[in-house]
Amino acid sequence: MPDPLIRVQAEPFDAAAESRRITAGRTDIGAVVTFTGLCRSEEGSLAALELEHYPGMAEDELARVAREALARWPLQGVTIIHRHGRIVPGEEIVLVVTASAHRRAAFESADFLMDYLKTRAPFWKKEHPASGAEGGWVAAKADDDAAAGRW
Amino acid sequence: MKVLYFAWLRERIGKAEEDIAFPPGTETAGEAMAHLASLGEEYAYAFENPAIIRIALDRKHVPHETPLRDAREMAFFPPMTGG
């Protein structure tokens, strides 16, 4: 079982480079799925998101969900990168890359990882409105728990 | 014990972390939270709805009824909204 690559960082990431990092020099991978979550402007009303995290636990929880995916699907690689700090609309927030011999394991595990990390990884989003008004914390959605419950 | 607060809990309490000596007889994470809620107005406001607060002991999610035992770090935070 491969070790997952987990990074929590303020800097942007390069999804294509992370995909190439998993496949470089290998001939046993038949499918790579990359999922990138982006910051939306909410029709121009949002100036930025502020992502707070719990250093140490954030990395631990991402690694835990990655290992769970590796135990459930035959994967050749898993990468999860989650950003923190100020993120403006159009920028990326989160990256999940999964690689497997066949597409189904890669698709399903990427979907699973996003559902699971949303409900388990200690990150919190605060919205800074374009109006300059005081920002507010994003409320957790019951949908997210329901989505994680599918697995 | 080292106690950490995140997101709106941190904002309501006005600090990110502190050391707390819990009174003897504080057995569980939930009891520790009840003690914190008694420390002042800002704490009472932060913990006004204890059922929604998530707790981590030594950086692992735990249910409120989990015994503290020899945990060194406890964190309180709202439901997560990453991803």
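Two strands pair if DSSP finds at least two bridges between them. Strands here are DSSP runs of E, at least two residues long, helices are runs of H or I of at least four, and both are numbered from the N terminus.

In chain A, the bridge partner of A:Val8 in β4(A) is A:His82. The two strands involved, β1(A) and β4(A) (residues 75-83), run parallel and are joined by five bridges.

Before going on, a word on the source. This is a predicted model, where local features need pLDDT of at least 70 and side-chain atom pairs count only at pLDDT 80 or more, while totals for chains, interfaces and linings use all residues. Residues are numbered from 1 along each chain as its sequence is written, with chains lettered from A and ligands numbered from 1 in the order in which they are written.

Now the whole sheet. Four strands of chain A make an open, mixed sheet, ordered β1-β4-β6-β2. At the edges sit β1 (5-9) and β2 (31-38) of chain A, each pairing on one side only.

Next, what lies on the sheet? Helix α1(A), residues 15-23, lies across β2, β4 and β6 (92-100) of chain A, at about 25° to β6(A). Helix α2(A), residues 57-72, packs on the sheet too, touching β1(A) and β4(A), and its direction makes about 155° with that of β4(A). For these angles, axes are lines fitted to C-alpha atoms, for helices over the stretch in contact, and the range is 0 to 180 degrees between N-to-C directions. Contact means C-beta atoms, placed from the backbone, within 7 Å.

On to a helix pair: α3(A) (residues 103-120) and α4(A) (residues 142-149) have axes that come within 8 Å and cross at roughly 130°. That makes the two helices, α3(A) and α4(A), oblique, the class left over once angles under 35 degrees (roughly parallel), over 145 (roughly antiparallel) and 65 to 115 (roughly perpendicular) are taken out. Among the residues that meet are A:Asp115 and A:Tyr116 from α3(A), and A:Asp144 and A:Ala147 from α4(A).

Most residues other than glycine have a negative phi. A:Glu42, in the loop between β2 and β3 (46-53) of chain A, has a positive one, near 50°. In chain B, B:Arg69 has phi near 45°, and its loop runs between β4 (60-62) and β5 (73-77).

Are these residues buried or exposed? A:Glu42 counts as exposed because it has 11 C-beta neighbours inside 10 Å, and B:Arg69 counts as exposed with 9. The cut-offs within 10 Å, with C-beta atoms placed from the backbone, are 20 or more others for buried, 12 or fewer for exposed, and partly exposed in between.

Technical notes
Two residues are in contact if their C-beta atoms, placed from the backbone, lie within 7 Å.
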